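Here is my note on the model you sent. Please read it with the structure open.

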Amino acid sequence: LLCKENMGIVVAGFGLYASIMKGKWRLGALWFLMGSGMFVFTSFWLLPTIRGESLDAMSRYAWLGNTVPEMIATIFTQPEEIWEHLISTKRLLYLVQLAAPLGFLILLGLPETLIAIPFLMTNMMADHFCQPTIYCHYAAPIVPFVFMGLVFGLARLRIWLHDERSWQIALLLVLPLAMFNFWIENPFHETPLLPSAFNE
């Protein structure tokens with residue numbers, strides 16, 4: 001909560017998971033309220049007060065409206081516009097890049113992966129070149145939940161297939177994908193080895 005103003009969203013996600021998936025309503029409500037409250041406090045009062053102006057991050061969502069109420073209204077009244085924004089080539093590629101290195105097994109661990117959905121949506125909704133990509137620090141809070149999804153996905157796969165070796169085989173199949181993606185997205189390259197259309 002103290003490392004970045006929007007980390008409260010992730011903490012709130014933990015609260016929702018504890019409430020919905022684990023049935024721990026009181027604990028979940030506590031985490032949700034603490035995370036949401038800290039996010040609102042730091043984003044809309046503390047940092048603007050220190051800066052002497054509102055956060056420039058809000059300008060990344062200006063396409064939704066001029067104020068927060070207008071942005072919320074747009075989300076509910078113009079879903080087709082939101083949908084078109086989310087299915088742009090760059091944003092769909094972002095989702096594939098997060099899931100492909102792990103063989104899309106995170107889909108089997110979706111409840112755990114979805115803890116990061118609020119943070120993922122803030123990146124996907126932003127009209128900013130760096131947020132809906134894996135090449136900037138904005139993806140950092142999402143990555144732990146991607147691996148959590150892999151772990152829980154493999155555990156569920158082992159139960160469904162009734163085979164102790166199944167998760168080991170699945171993990172071995174993931175390794176070539178991970179290595180291929182590392183070659184494509186090699187951090188030691190100055191630019192990723194992607195078609196130019198995807199880099200726009």
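The points below cover the basis of the model, the pocket, one threonine and the aromatic pairs.

1. Basis. This is a predicted model: local features need pLDDT of at least 70, side-chain atom pairs count only at pLDDT 80 or more, and totals for chains, interfaces and linings use all residues. Numbering starts from 1 along each chain as its sequence is written, and side-chain values use heavy atoms, with hydrogens and water left out.

2. The largest pocket holds about 870 Å³ of space. A pocket here is an open set of points on a 1 Å grid over the protein atoms alone, where a 1.4 Å probe fits, with protein on both sides within 12 Å along at least five of seven lines. Points are joined across faces, edges and corners, and the volume is the space filled by probe spheres set on them.

3. Pocket lining. The largest pocket is lined by 31 residues; I9, F39, M58, Y61 and T122 are the closest to its centre. Lining residues have an atom within 4 Å of a point. By type, the lining splits into 20 nonpolar (Ala, Val, Leu, Ile, Met, Phe, Trp, Tyr, Cys, Pro), eight polar (the others, Gly among them) and three charged (Asp, Glu, Lys, Arg).

4. Helices at the pocket. At least two lining residues come from each of α1 (7–20), α2 (25–51), α3 (68–77) and α7 (117–125). The top contributor is α2, with seven residues. Helices are DSSP runs (H or I, at least four residues), numbered from the N terminus.

5. T74. This residue sits in helix α3. T74 is buried at 8% relative accessible area (buried means under 20%, exposed over 50%, partly exposed in between; 1.4 Å probe, protein chains only). Beyond neighbours within four places in sequence, T74 contacts L64, P79 and I82 (heavy atoms within 4.5 Å).

6. Tilted pair. There are three aromatic pairs in the structure. Rings of Phe, Tyr and Trp (its six-membered ring) pair if their centres lie within 6.5 Å; planes under 30 degrees apart are stacked, over 60 edge-to-face, the rest tilted. F14 and F145 are tilted, at 5.4 Å centre to centre and 55° between the planes. They link distant parts of the chain: F14 is in α1 and F145 in α8 (residues 143–161), 131 residues apart. F14 is partly exposed at 35%; F145 is buried at 4%.

7. Stacked pair. F41 and W45 have ring centres 5.4 Å apart and planes at 25°, so they count as stacked. Both lie in α2, four residues apart, about one turn of the helix. F41 is partly exposed at 38%, and W45 is partly exposed at 48%.
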